[in-house]
Amino acid sequence: MGGMEYVIIAAVLLAVAVISGLAWLLPRRRRAAGEIVGPPKAQAPVAESPVAESPVAEAVEVPAPVAEVEAPVAEAIEVPAPTAGRLIRLRSRLARSQSLLGQGLLSLLSRGKLDEETWEEIEETLITADVGVAATAEIVGRLRQRAKVLGTSAAGQVRDLLVEELVAALDPTLDRSISTRSNAGMPAIVLVVGVNGAGKTTTCGKIARVLIADGHSVVLGAADTFRAAASDQLATWGRRVGAEVVRGPEAADPASVAFDAVRRGIELGTETVLIDTAGRLQNKIGLMDELGKVKRVVEKHGPVSETLLILDATTGQNGLEQARVFTEVVNVTGVVLTKLDGTAKGGIVLAVQRSLGIPVKLVGLGEGPDDLAPFDPEAFVDALVGTGA
Ligand SMILES: Nc1nc2c(ncn2[C@@H]2O[C@H](COP(=O)(O)OP(=O)(O)OP(=O)(O)O)[C@@H](O)[C@H]2O)c(=O)[nH]1
Ligand SMILES: [Mg+2]
């Protein structure tokens, strides 16, 4: 019957209208939940250049700030200086360590004779610079041996031998690259851990800045929900560098915020998801339990690519003890040693690597957004010991 056909056609049209209406509404509803702060990313750019080491890509893609951003003022996104050669450019920041280690050692070496007393003083200088007792004994032992074999006590020559031994102690063959590339649609997940005040949030921001300048897309996960200000601090970095920040309400479960951040990264086809975690809780056991949970929950999406332990260089050997606890809970793949600009004890780099058995991958040399450098043993030792000129 003709009437019946009309009814069927009308019903089909109605169904189509309802379905397309829903499809249009749903994504908006999700955004309206306000989980995500920060400018929505432009299409995830395909980064051609390798990460940390490479200079800034010629054409830097920056997402345009959008009205949905939490802050009323959309700040202009800054473009960082290239990471290549940063350690060399920032070497003057190691001035304190350089004056203790470099100048101290050089004046000892230039005495012209290497007697027992001088060797002891060399040892003392290295220990004072936090190189650590065991590492110092080894380095000086080898140095004495080589100087003896060569029959030299010339300051320049012994200095060169010392530089070689220090570089060797840092094992230049270690892989210091950071896994920040997505794999088969799965963003690289980078977990950032460490005690409170070590510089986790700042380092997340600095890393995101470098990655975005290199053409990567980044989502930041504010899994430090212990303090309200912590997510705000990360959100400020996110706005500055052009990364989305996924955050939860205050006192939200950190693991679920981290989970959501990775989910958002997958949705957007993001290259890297950086997760900032809490460094402070009521007690250490609570913190470690929580970290373990964050890792397990995030890994429902896929494996964590990199776990960076942030260590404050000014805390010296004490900090090292605290750091060890983290390595027992999460599989730390790299150390970021911050605040090397504020200490004369730059030798801690050697102690950290030796006692944790984990490569130092990045060093923090100041509070500025570009004061983070890929760690390079040769350039570092050279800056510490100085040229002797
Ligand atoms: N001088 C110097 N200061 C740094 C460096 N890295 C971080 N800071 C400063 O250290 C302070 C603490 O940094 P945050 O990034 O907030 O540390 P955090 O680990 O996130 O701290 P919590 O969230 O409290 O656990 C800030 O004032 C940073 O500016 C560095 O390499 N050099
Ligand atoms: Mg923090």
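1. Of the 389 residues in the protein chain, 44% are buried. This is a predicted model. The secondary structure comprises 13 helices and 9 strands. Among contacts with a separation of 6 or more, 78% link residues 24 or more positions apart.

2. Start with the ligand site. Ligand 1 is surrounded by 22 residues. The closest are Gly199, Thr201, Thr202, Gly279 and Gly364. By class, the shell holds 11 polar, 7 charged and 4 nonpolar residues. Helix α7 (residues 200-213) gives the largest share of this shell, with 3 residues.

3. Next, strand β3 (residues 218-223). How many of its residues are buried? The count is 6 of 6, so β3 is largely enclosed by the rest of the structure. Side chains in a regular strand alternate between the two faces of the sheet. In β3, Val218, Leu220 and Ala222 lie on one side, and Val219, Gly221 and Ala223 on the other. Both faces are covered, as all of these residues are buried.

4. Which strands pair with β3? Strand β5 (residues 272-277) runs parallel to β3 and is joined to it by 6 bridges. Within that pairing, Val218 has Thr272 as its bridge partner. Strand β4 (residues 244-246) is also parallel to β3, with 3 bridges. There, Leu220 stands opposite Val245. From β3 the chain passes through helix α8 (residues 228-241) to β4, in a right-handed β-α-β crossover.

5. Now the nonpolar core. The largest one has 96 residues. Ala208, Leu220, Ala258, Leu274, Ile275 and Leu337 touch the most other members. Leu220 belongs to β3, where it is buried. Leaving out residues up to four places away in sequence, Ala208 touches Val218, Leu220, Trp237, Val241, Ala243 and Leu274. As a general point, nonpolar side chains tend to be buried together in soluble globular proteins.

6. The partners of β7 come next. Strand β6 (residues 306-312) pairs with β7 in the parallel sense over 5 bridges. Leu308 stands opposite Gly334 in that pair. The chain goes from β6 through helix α11 (residues 316-329) to β7, and the β-α-β crossover is right-handed. Strand β8 (residues 360-364) is parallel to β7 too, over 3 bridges. Val336 faces Leu362 as its opposite residue in β8. With α12 between them, β7 and β8 make a right-handed β-α-β unit.

7. Two backbone angles are worth checking. Most residues other than glycine have a negative phi. Asp130 is not a glycine, yet its phi is positive, about 70 degrees. Where is Asp130 found? Its place is the loop between α4 and α5 (133-150). Asp130 counts as buried because 27 C-beta neighbours lie inside 10 Å, against a cut-off of 20 or more.

8. Lys339 is another case. Its phi is near 60 degrees, a positive value in a residue other than glycine. Is Lys339 buried or exposed? Lys339 is buried, because 21 other C-beta atoms lie within 10 Å.

9. In helix α4 (residues 116-128), look at Ile122. Ile122 counts as buried because it has 22 C-beta neighbours inside 10 Å. Which residues does Ile122 touch, not counting those up to four places away in sequence? Leu105, Leu108 and Val140. Leu109 is 13 residues from Ile122 along the chain, and their C-alpha atoms are separated by 8.4 Å.

10. Last, helix α13 (residues 377-385). Its buried residues are Pro377, Phe380, Val381, Ala383, Leu384 and Val385. The elements that cover them include α2 (86-89), α3 (95-109), α6 (155-169) and α12 (348-356). Just after α13, Gly386 takes a positive phi of about 80 degrees.

How values were computed
Residues are numbered from 1 along each chain as its sequence is written. Chains are lettered from A and ligands numbered from 1 in the order in which they are written. Helices (H or I, at least four residues) and strands (E, at least two) are DSSP runs, numbered from the N terminus. A residue is buried if 20 or more other C-beta atoms lie within 10 Å of its own, exposed if 12 or fewer, and partly exposed in between; C-beta atoms are placed from the backbone. Two residues are in contact if their C-beta atoms, placed from the backbone, lie within 7 Å. A residue is near a molecule or strand if its C-beta atom, placed from the backbone, lies within 6 Å of it. Ala, Val, Leu, Ile, Met, Phe, Trp, Tyr, Cys and Pro count as nonpolar, Asp, Glu, Lys and Arg as charged, and the others, Gly among them, as polar. Two strands pair if DSSP finds at least two bridges between them. A crossover is right-handed if, with the strands pointing away from the viewer, the path from the first strand over the helix to the second runs clockwise. A nonpolar core is a set of buried Ala, Val, Leu, Ile, Met, Phe, Trp, Tyr and Cys residues joined through C-beta atoms within 7 Å.
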